[in-house]
Structures are given as structure tokens and as C-alpha cells.
Amino acid sequence: MRAVAASLAAVVVCIAAADVGAARTASNTVVLVTHDSFAISKPVEADFEHLTGLTLRILQTGDAGEALNRALLTAGHPEGDVFFGVDNNLLSRALGGNLFVSYSPPALSQVDRSYDLDRTHRVVPIDHGDVCLVYDRAWFAKRKLRPPSAFEDLIQRGYAKLTVVENPATSTPGLAFMLATVAHFGQGNAPWTFWSEIRNEILVTNSWDDAYNARFSGSSGHKGSRPIVVSYSTDPAAEVYFAGKPLAQSPVGVVRSTCFGQIEFAGVLRGAKNPAGARKLVDFLLSPTFQAGIPLTMFVYPVREKTPLPSVFRRFALPIASPLRLPPATIAAKRDAWIRTWTDTVLR
Amino acid sequence: MLQVSGVSVSLGDTPAVHSVTFDVPEGTTLAVLGPSGSGKTTLLRVIAGLQLPDDGRIVLDGVDITNVAPHRRGVGLMFQDHVLFPHRDVAGNVGFGLAAAGESRAETRRRVAELLELVGLPGIEKRDVRTLSGGEQQRVALARALAPEPRALLLDEPLGALDGPLRERLLADLRSLFAQLRLTVVSVTHNVEEAFSLGHEVAVMRLGRCVQTAGPDELWRSPADAWVARFLGMRNVIERDGRARIVRPEAVRIEAGDGAVVVSAERRGPVVRLRVRLDDGTELETEATALDHPLPGDRVGVSVDPAGVVDAPSWQDHGP
Amino acid sequence: MALSHKVRGRLAYWLAALVPLAFLGLFFAYPLATILKRGLGESVPTDVWFDRGTLQIAWFTVWQAAVSTVLTLAVGLPLAWATARLAFRGRGLVRALVVVPFVLPTVVVATAFLALLPPSLQQGVVPILLAHVFFNVAVVVRVVGGYWSRLDPRLWDAAATLGASPAQRLRQLTLPALRPALAAASALTFLFCFTSFGVVVILGGPRYATLEVDIYNLATQAFDLRAAAALSLLQLAAVTAVVVVASVLEGRAGARMPLASELAATHRPTRRERTALTAILGGAALLFGLPLAALVRQSFATPTGAGLSFYRALGHETPTLLVPPWRAIQYSLLYSTAATAIALTVGVLAAIAIDSARRGAGGGLDTAVMLPLGASAVMLGYGFVISFDTSPLDFRDTWWIVPVVQSLVAVPFVVRILVPALRAIDPRLREAAAVLGAPPSRVRREVDVPLLLRPLGVAGGLAFAISLGEFGATVFLARSDRPTLPVAIYRFLERPGATNQGTAAALCVVLMAVTALSVAAADRLTARAGSL
């Protein structure tokens, strides 16, 4: 018994010695609070630490909506110094919660004005991407069917029964897609007519992960049974990049006319322990180094002009020229009501 | 000396022990005899400290221990069916009390060996207690109880589950051990032979009360009432009008002649139990030792020695 | 001095109860109360409680948990019987393997099921129930099986010689004898199914929601803290009711069944039993083996043919995670070891307090200990985030806050296993020790603890497995640069691409292996030491 206890103790000590981290004082650490999809490569991170002399700590707190809500919960006593991950659909909620303090990084001059939705710069744009219908090329090719090319195909070609959609109440891409239908069909009843026609055929999931990885037939890993899914415009590049072997063509395609534009923002949190470091971090997020690394880490597009795209993007995922958009003020005002209508139309 | 005075215990609403008083002089054994439900086990638990009495005192060697916690009383208890610690071997069981008292390991080992020798089981220190036979478990339990050198030892049905020759042997061993160690012992049993064999004095309990306390011979000579007589095994109890005439078996003599008929003759090992019916209808029992004994149906003569007749109440309500 | 006996008993209870009470108070009651107050303010949310939607969700939550529990018992009891009563080769392995599903993150299990089920069964109530059974059979087998294997088999022999047929023995002897363990296992299973989240979210889809799912959506997506808090209270109330009922059933178990040594409890199977055994093991292999085998297969199915590249990738940096994946193994072991130690300490003290307390007080502590299972993980996580952010209580960033929160979920198991085991110890053993001169503390140490070694092993193994697989609260509180295995798996699953999915599968296999090994080791160690 004693031997057992001793060896257990030894094991614990070894594990603990591995790295339980030295105490880091606030002044030489900056904490980035963000969502699960945030990614940064080690060289880029080292670059930041080298440049500023600060240690970067990253706190990932759920998907975009969850992370934002958690930040709202801790407004004033934030868990970090910078928040990254507010998208244009939830911008009103973020700004309304008085989460940020204004800061205008000099690099903003290199960013297209159309992305700069908050002119007081409580948040600044960092990247943009699109949510679109994504389809499984091989599935359509094998059956010699024409892949979808518009929303209407879901009805006119009967493709609704091939489609997986996420719940806008629980999923950010789901929300974006719902807004896309409003942007496309108009703000009257038309989008809801569309939804009520397809409601019985589509499969609705609660999260993108479930939809894409488990139900979509075009993703590697689990072979789902439906070849159309609401996902991101950069999927063709992602599938090639993570394929593990060279591919001539991407296994998935994007229905460009269904794409809804998303912009992602970052801001200095009010009450941050290290506001000076926070500002340096925001500067860094707009720097050429970080912006150039965005595509292959987060699979969205940099906002900084003239940032080179990696070849897999140039071949498979060029940016969408004019995605669907809705004015932020409209989204702010009507989003919750639309979600309720969607729920009533589709789920009940 | 162990003094029990006026101890009463109720279990819930039912009185289990009612105002029991007796003394056990140092170095002697008191056998507490009674049927199941008479409260004798409860009494034992009170003396051991596992149960608090509602009334009364327990005094050991002049010290009032009525409210002392069981682990500080210095009173040992040998349980019915032994209750050996299954997770320890024999040495672990026997040495338990010594370790609790803070003895050194070497000293404990020595003592354990000594005790096992004493109870006739030398060398079994490492055995698993679950593999021991009933008799062996009994002795180990005894050794365990003796190890911390208790000032008084309590036994609950010590010979309960043992068979014939084993009983006899253990009985003899216990007697000699108690004498050798000059222990003050209270032994509880429902078996008359065991009580008489072990006890210098016997306290008969009935329904929570102590009905009679006396030495074995005295008890046999003058049972307090008909119930006690029957409990002790006397079968010749004739009751009438609240009084009983008790005829001790040895006072009944069978001889050739007339006046009674043999009803039954059962061999009980070395003796034969004879039951005869007198012509006036009374039935008496006695024992014969000869191989050559009257058979059922035989007519015989019966004489009763008046010295062997006791007159007692049917039922004595209050003990002495 | 007569009083000192009673007073001393009460004092012992309070001392033993102090640690668990303080632990629960600081790390459960305080954060939960903080977030509930934040959400509710001063209002009483009767409008939320009596809303038709709420009532529907509440009803669904209750009946799916009840049906799941019944199904889990139906599947688990034969397996519990086989592992408790029959001696067959591989028995220890089966007992360890059965814990593996319990540990797997729900995301992983749900996806594995989806791979096996036909499309018509991929969303709805049926896959929810199936997944619940898959997860919770472990509870029945370990808790009921563990107790069963310590009952004296001679009782059944006696019943047989008295003319009772196998069915009669089952009904009139087995089930009543097992009642405390059955009550414990049913309560735990019901609670898990009642607060089920991942399974319902994925396999139920948006049309089905339990209270937990609804609370989660309200809190994290809609940010309606008031409604979330209201439903959390409702959930807590329901869980308390379940726990109280279960402990009444457990406590009324009546006569103490004599406990024999575990070795004596198993026997070589008769011919009929051997057929039953084959059927049971075969069924278990199907139900548990298939999804797990699918995972294992996927971990080797690299794009360039079957190989180890996913496993090799575990050692490399990847943008998906902030550290190389193998570090997640290291952190998981660290956190789980710490969590097990905490859970065992708190749990043993709580079990002792509950066992030695009088009816009311013991029941109160019992219920308190079980409550963390019924609290919404997200509300508790939120509570942690807002309560422990200022000194002297600024634990938010410490490494040990993760094992603490994991142990909150493990302590109820430890208690549910130890309390019946404690109650089954022949009190005369304690009396014998006292009469031999051992003061109460020594009695506990020299009598209770050794006799509890085996149940402690079961409890420790289960606690380790639970903390390994804990996801809901861990993902809230673990620093992103110190992920656990489930968190890492989840991160990989969230990204598209064969390498990410394959790495997730490889990590799942590692998680399964670590679980099975640690549970088997705990079993083996305590078998030798406990010898009961």
C-alpha cells in the first residue's frame, strides 16, 4: 500500500513538474479573449512576443456567440485585455453592452472603409469571411446532377432534402444563413415563405460541427448522408489543406450567390488589467505578419489591403466579390424577432 | 471486583433489563443464565459500555465506569460468533488491542505468540481468519479479548455453535484459563450445563429481571420457583394453587415392586431417562445408569426421598 | 459523562461533515448563488416557470430520463450479474472496459452512433435513448455489480434448497437485497439523463430540448440570464426531489446483508449460465464494441491508407490547438489525479458523516453532495467566472480550479458507493474494536477504512474516469493552453479536414485506453489490498 502511494505521488509530481506555469505578472502578459475558432501559428505568436516583449495568453470561451455573451457577463471585470471575435451580426449586442474602450490603431488606414462599421473604433475589423451553401462535388458528379447554384434550387430542384442547415438561435453560421435569406428575398414575408416550403425536407442541427462533420457527405471523417450544408466560403481551401495528401480539385464547392458577408472585429476591453499591452495586441492583429497568417489558421480573409493569399486559397477559395449584406442597424433591430419567426416557421 | 447495581435498560419502549444487581468477586466467574429474550445480552452490552443504562451503576475495582466510553473501560468482550476482523490475519486480530494501547511491534508479537500458546493454537499467526474452523475461531477470539489484559472479561454464548466433545474440551480449557489468570468473568448463556460448569455463581434471568443468584449447588438445592426449576432441567414440577412441589430427579428411586408403571425409557448417552406414572396419576422422571433397566410397561416401585422435595412458589415476581 | 458519548458522536459528525460542507459551500453554492442572483435580481420568475414551452421541456426532460433509466437497468443488470457472480476469463477486463463509454465526450459518442445508425434514426428520441444507455450502463455495472459481488452467496443457496425457483429467487431475494445499490445506480443514471446535454443537442436536434439544453441556449446564445436562472432553479428543485426519494429507498434497505469475500462470491458458470453469459457478453460487445470499434478504425484510416500518421501527428504543433496534442494527455492525467484525490477525500468524509449522522442531518448532507450533478454546468461555469475574479477569491486563472470543478461531479459517485458500503459493515466489528481499547478515530481507521478499500477502489476508478471525460465545466475553466483530452478532441472535431478529424479519433482512442488502464489498475490494486 505504501509503495502504491509513493509511486502515485511520484507520478503526480512528474506530471505537475511538467508545466504548471510560473506566475506571470499582469504587466508582462496580455490576455486575448476569443472564440474557439481563433488560431495563431507559433512563429507569428513568437513574433509578437519578440516585438513587444509581452507574453501572449489566449482564452477561448466557446463559439462566437458564447464568447461574446461571456464577455458581456464579465463586462467591467473582464477575463482578459482584448476581445476578438465580435461579428457584424452581433455587433449591436457587443456595443450595447459597453464592453470596450475606443482605440484607433494607425494600421486602420490600410483597411477598406466598408469594413469599418464602428466609426468610434470601440471595435476594429480584423478579418472577413462568408457563410454560404457548400456542396459535395463528388456526390453530384456521380449522379450526374447539376450542383445547386441559388437559393431557389432548394425548392425548384428539390434540393431541400439534400440540405443541412444550422439553427440560427444556437449557431453563428446558422444565423448568418437566415440573414442571407432575408437579404436575398427581402424583408417582407418572402423569406418565410421560402422557409416554410423547405421546412419538412431540410435537416436542422444545433451546431455547425454537427452539421458539417456528421451530416454533410462531403467532409472527411464521418460520412454524412446530405451533400449540401450551410458552411463557410473557405471550405474548399480547408478541405484541400487538411486532406493529408495532394488534391487537384477541392472535394467541395460553394454556391456563391448564397454567400452572406461576415466581418470580425476586435477591441480593447473596458477594465483590462493591461490596457497598454492590449493596444499593442490590437496593432499586431492588423499587422502584415498576423494578417498574412489569417487564411491558413482561421480560414477567413484578412482585411488589410494587399495582404498576399496562400496558394491553396488562390486556387480554391478566392474571396466572394459581392456577398449578401444587411445594414448593421437593421440586424440589430430585427434579429431577435427574425429568429423567433424562423423558429415558429421551421421548428414548430 | 465487578459490581452491577440496579441496572435498568429499555430498548425503545420495551424494558429489556430491569433493576439487575449482582457482584462478581475478583477472580471468580458469574454465569448469567436465561432463555433468549431475557435481556442477558443487553446486560452484557451495558457492562461493556456499548449501551447506556437508563438507571443503575457499574463499578469495577471501586471505580464507577457507568459512563466511561467502551474503549477506556478495560472490560473485554467476546462476542457471539466471534466477530473476528476479516481483513486481518490471526496475529492482526489478536494484537489489535495491544496496538491500540500503543505497544511496540516487538512486544505485540511476543504477546500474541504467548496468547496463542495459551489458547492452544501456537504458530497460526499468519493464517487467514476466514479459513479457521469454529473452534479455532473461538480460541482466537478469546486470545484477542485477553490480549489487552482486561480487568473483567465478558463472554456472550462462548460455546454457542460448537459440538459435543469440542464443547467439553473448550469448557475445560476456559475454566482452567480463567483460574490460571485469575480473571473476573461474566459469561452469558442459555445452556444450563455450561453455566453450572463455568460459573462460581449463577444468576438466572427472566424477562429482564434477575430471579435468583446463587452457586450451582444452592440453585439445584433450592430453585426459587417452578419456572427456575423447569429451566434448570428439573422435570418433576407439580403445581397446585400457586405453589409447586419440585422433586429433584435424584430423589426419585426406582426399585422392584409396584405402585407405578414405566411410561418411557430413553437412553441419553450414559444415562437412561425413565418416566413413570404413579397409580395416583402423578408422573415423575428420574435417571438410571444401569444397562439393565426397566422397560416401558413394566410395573415398578417408586420411593421419594423427602429431602429432595422443594416447596416453592409457582412464579416469583420479584428477584432477591 | 453519559452526555459526552452522544455529544462526542455529534461532534464527530460535524467535524467529518465540515470539510465537504465547506467545499460545497465555496465551490458550488457560492458561484451558483451569484449567477442566479445576477440573472433573477429580485424577481420571482413564475412567468418563466409556468410558460407552456417550459412545461413541455420539463416534461420531456423527465420522461426521457425515466425511460433511459429503465432501459439502462434492463441492459446493465444482466451484465452486472455476469461480472459480479460468474468467474470467467477476462472478467476484470470487462469490468474495466465498461467504464470507457462513460468517459467519452458526448460529441464523440454521438458522432460514432451517427456513423452506425440508418438516416431515419439519426435524429430524434430513439438515438437519444440509445446513447443514454450506452453511457450509463457503466454506472449500473460498477455500482450494482460491486455491491452484488459482496453479498453472501449462501443466501441464494439457502433459498434454492427451500424450493425457490430462479425467478422467485430473483424477485424475492435478489432484487430486495440489491435495493440500496439499485436505488443509487438508478438515481445517478436518472440524474445524468435528466441533465443530459451533448446527446440531446446532437442526436435530438433543435426539435428536442431538455432543461439543460434550454438553459444553455438561453445563457450562452440568447443571453437571457433571467430565464436561464429561472430554469436552473427548476432543475435544481427537480434534482433535489429525485435525490431525496433515492436516499429514502436506499436507507430503508433494512437488514444488513452479510458481506462475504469477493472471491467467494463468484463461481464457475453452469451450462445454462454459460449460455446466458455468452449472450450477455455478445450483446455488450455489439452495443459498446461497434461504436468504439468505429472510432478505432477511423483513427487508423489515414488518407494514404491505413497507418499511424494521425498518432504521429499527436506530437506535432498544430494551429487547431495552442499546444501539441500529446500535452493534452499530460494535462488530463494531472487534472484527473488531482480531481480524484479531492473527490475521494471530500467523498469519504461526507460518507462517514452521512453514515454516522442521525436521520435528518445525514439526509441533508447527502442531498447537498448530490446537487452538483443537477446544477446546470453552464450556469455553474458562469458562476465561477464572475465569482472568482477578485481577491481574495481570484481563483479563476489557477490550474487547480479545473480539478476542483471536476471533483464536484465526481464526489456524488464516491458518496453513493461508499455510503451503502459503510452501512453494510457489521457494527459489531466496530464494537469489538472499541472494547479492545480503540478510540473512535482508531476504530474508523482500523476497521472502516480497510473494509472500505475495495469500494474505495471502485469509487476512485470511477472518479478518475469521470474527471477524465468531464467536458461541460472544464471547457469553461481550463486555460486554452492547458487543454484536457475531451477539450482537445472537441477542438479538432470543430475543424474541417481529414487530418483534424483523424487526429480527433486518435485522441479518442488514447482517452479510451487511458481510462480502461486506470480503472483496471484501480481494481487490481484494491483487490490485493482490501481482501474483502
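**Entry 1. Conventions.** I number residues from 1 along each chain as its sequence is written, and chains are lettered from A and ligands numbered from 1 in the order in which they are written. The model is predicted, and local features need pLDDT of at least 70, side-chain atom pairs count only at pLDDT 80 or more, and totals for chains, interfaces and linings use all residues.

**Entry 2. Which chains touch.** Chains A and B do not touch, and their nearest C-alpha atoms are 14 Å apart.

**Entry 3. The contact of chains C and B.** I noted 22 residues from chain C and 23 residues from chain B in this contact. On the side of chain C, helix H1 (2-40), helix H20 (427-435) and helix H21 (440-469) each give two or more residues. Helices (H or I, at least four residues) and strands (E, at least two) are DSSP runs, numbered from the N terminus. H20(C) makes the largest share of that side, 7 residues. The chain C side divides into 14 nonpolar, 4 polar and 4 charged residues. Here Ala, Val, Leu, Ile, Met, Phe, Trp, Tyr, Cys and Pro count as nonpolar, Asp, Glu, Lys and Arg as charged, and the others, Gly among them, as polar.

**Entry 4. Helix H20 of chain C.** I next asked how many of the residues of H20(C) are buried. The helix is mostly covered, with 7 of its 9 residues buried. A residue is buried if 20 or more other C-beta atoms lie within 10 Å of its own, exposed if 12 or fewer, and partly exposed in between, with C-beta atoms placed from the backbone. Among the buried residues are Leu429(C), Arg430(C) and Glu431(C). Their cover includes H21 of chain C, and from chain B helix H1 (40-48), strand E6 (75-78) and helix H3 (96-100). After H20(C) comes Gly437(C), with a positive phi near 105°.

**Entry 5. Strands of chain B.** Two strands pair if DSSP finds at least two bridges between them. I found strand E13 (residues 252-268) of chain B joined by 6 bridges to strand E16 (residues 299-304), running antiparallel; Ile254(B) has Val302(B) as its bridge partner there. E13(B) is also joined to strand E14 (residues 271-278) by 8 bridges, again antiparallel, with Arg268(B) opposite Val271(B). The hairpin of E13(B) and E14(B) has 2 residues between the strands, and Gly269(B) takes a positive phi near 70° in it.

I also recorded an open sheet of 3 strands in chain B, in the order E11-E12-E17, with antiparallel pairing. Strand E11 (237-240) and strand E17 (309-313) stand at the edges with a single partner strand each, so one side of each is left without a neighbour in the sheet. E11(B) pairs with strand E12 (residues 243-247) over 4 bridges, and Glu239(B) has Ala244(B) as its bridge partner.

**Entry 6. Two phenylalanines with positive phi.** Phe299(A) has a positive phi of about 55° although it is not a glycine. I located Phe299(A) in the loop between helix H12 (288-298) and strand E10 (301-302) of chain A. Is Phe299(A) buried or exposed? Phe299(A) is buried, with 25 other C-beta atoms within 10 Å.

Phe223(C) also has a positive phi, near 55°, and lies in the loop between helix H11 (211-221) and helix H12 (225-251) of chain C. Phe223(C) counts as partly exposed, with 18 C-beta neighbours inside 10 Å.

Conventions: Two residues are in contact if their C-beta atoms, placed from the backbone, lie within 7 Å.
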